[in-house]
Amino acid sequence: MTTAALEPRAGRRCHTLLNSLHATHFFSPELAEELAALGVTHPRAVNFAVRAAALGAVEAGTVTATFYNYKHELVARHVPAVWEIASPKDVLAARARAVDASMRRLLGADAVVSDGMAEAAKLALRATEACSRSGRPLYAAHADLPVPQEPHLAYWYASTLLREHRGDGHLAALLAAGLDGLEAVVTHTATGKGMTPKWVFATRGWSQDDWDAATARLRERGLLDGAGELTGAGVALRAEIEAETDRLDRAPYEHLGAEGVARLTELAAGFARAAVAAGAFPADLVGKG
């Protein structure tokens with residue numbers, strides 16, 4: 001019997017849908033409520049704490065390095081101070097409670113206990129078996145956490161591992177392309193698939209002056225035109241970055257196999273659509289501005 005070959009972008013498509021559901025918790029009222037109960041109330045402190053908690057009580061430099069596209073001065077206003085308010089262990093427990101509640105709200109009580117959810121969790125966890133810790137700090141930290149027993153939380157956990165595995169590799173591709181954190185954001189926004197400048201300024205700590213300076217540097221490299229749109233060279237560079245990210249992230253999906261990836265993509269699409277339909281994300285989050 002011949003095994004079907006994995007189509008070049010199959011892993012990327014699967015990851016996009018897995019990540020879509022994963023990212024819903026960052027915008028959920030449940031997360032804000034759980035962290036507020038611990039005493040963490042500033043939205044940026046919440047964000048830094050829940051994503052960095054797996055690394056332990058790290059300093060600001062580690063968060064800036066691993067998150068890549070946040071202004072260090074913003075990170076330093078909240079880290080390591082947030083660990084004086086709530087320990088990483090307590091933050092991780094609060095995050096788990098928030099994810100449980102938000103998935104039940106967004107997907108419905110029946111979906112979280114469905115056969116499809118159990119199948120998706122099994123497939124996603126199988127894919128993570130081929131992930132590599134080498135050079136991937138956020139993935140490696142999350143991989144050290146225990147696998148939840150409930151299928152919907154196991155699915156979210158596996159999605160987190162696959163997100164951070166791809167994300168860590170993506171940072172290597174950005175570095176190789178010579179894009180700093182804000183330049184990476186500006187070029188991504190220029191594709192129409194990244195965050196709007198409004199959300200970049202609100203969540204990443206950058207100012208309009210920072211944005212304009214990054215835009216000027218990218219124009220000097222011939223990557224943006226006078227209107228702030230990607231030039232042919234800019235489009236080609238973004239394509240190269242995504243292709244390199246795909247290459248570095250290919251192992252989990254090759255391990256799962258073409259049929260498994262297709263089935264996981266199908267299941268993940270259903271969950272992602274349901275979450276979006278339930279209002280999981282702000283309407284103005286993505287676009288050119």
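A residue is called buried when its relative accessible area is under 20%, exposed when over 50%, and partly exposed in between, as judged with a 1.4 Å probe on the protein chains only. This is a predicted model, in which local features need pLDDT of at least 70 and side-chain atom pairs count only at pLDDT 80 or more, while totals for chains, interfaces and linings use all residues. Residues are numbered from 1 along each chain as its sequence is written, and side-chain values use heavy atoms, with hydrogens and water left out.

**View A. Helix α3, a mostly covered helix.** Helices (H or I, at least four residues) are DSSP runs numbered from the N terminus. Helix α3 spans residues 43-52, and nine of its ten residues are buried. Among the buried residues of α3 are Phe 48, Val 46 and Val 50, together with Arg 44 and Arg 51.

**View B. The largest cavity and its lining.** On a 1 Å grid over the protein atoms alone, a cavity is a set of points where a 1.4 Å probe fits but cannot get out, whereas a pocket is an open set with protein on both sides within 12 Å along at least five of seven lines; lining residues have an atom within 4 Å of a point. Grid points are joined across faces, edges and corners, and a volume is the space filled by probe spheres set on the points. The structure holds one cavity of 30 Å³ or more, and the volume of the largest cavity is about 70 Å³. Its lining is made by Leu 6, Pro 8, Gly 11, Arg 12, Arg 166, Asp 246, Asp 249, Arg 250 and Tyr 253, and the elements that give two or more residues to it are α1 (10-23) and α16 (250-256). Ala, Val, Leu, Ile, Met, Phe, Trp, Tyr, Cys and Pro count as nonpolar, Asp, Glu, Lys and Arg as charged, and the others, Gly among them, as polar; by these classes the lining of the largest cavity has three nonpolar, one polar and five charged residues.

**View C. The second largest pocket.** This pocket has a volume of about 310 Å³, and of the 14 residues that line it, Leu 92, Ala 96, Leu 145, Pro 146 and Pro 148 are the closest to its centre. Helices α7 (88-107) and α11 (151-176) each supply at least two residues of the lining, with α7 giving the most, namely five. The lining divides into eleven nonpolar, two polar and one charged residue.

**View D. Two residues with backbone features, Pro 80 and Tyr 68.** Most residues other than glycine have a negative phi, and most peptide bonds are trans. A cis peptide bond, with omega about 10°, joins Val 79 and Pro 80, and Pro 80 sits in the loop between α5 (72-78) and α6 (81-85). Tyr 68 has a positive phi, near 75°, and lies in the loop between α4 (60-67) and α5. Tyr 68 counts as buried, because its relative accessibility is 14%.

**View E. Pro 252 in helix α16.** Pro 252 has a relative accessible area of 0% and is therefore buried. Although Pro 252 and Ala 127 are 125 residues apart in sequence, they are 4.6 Å apart in space, from C-alpha to C-alpha.
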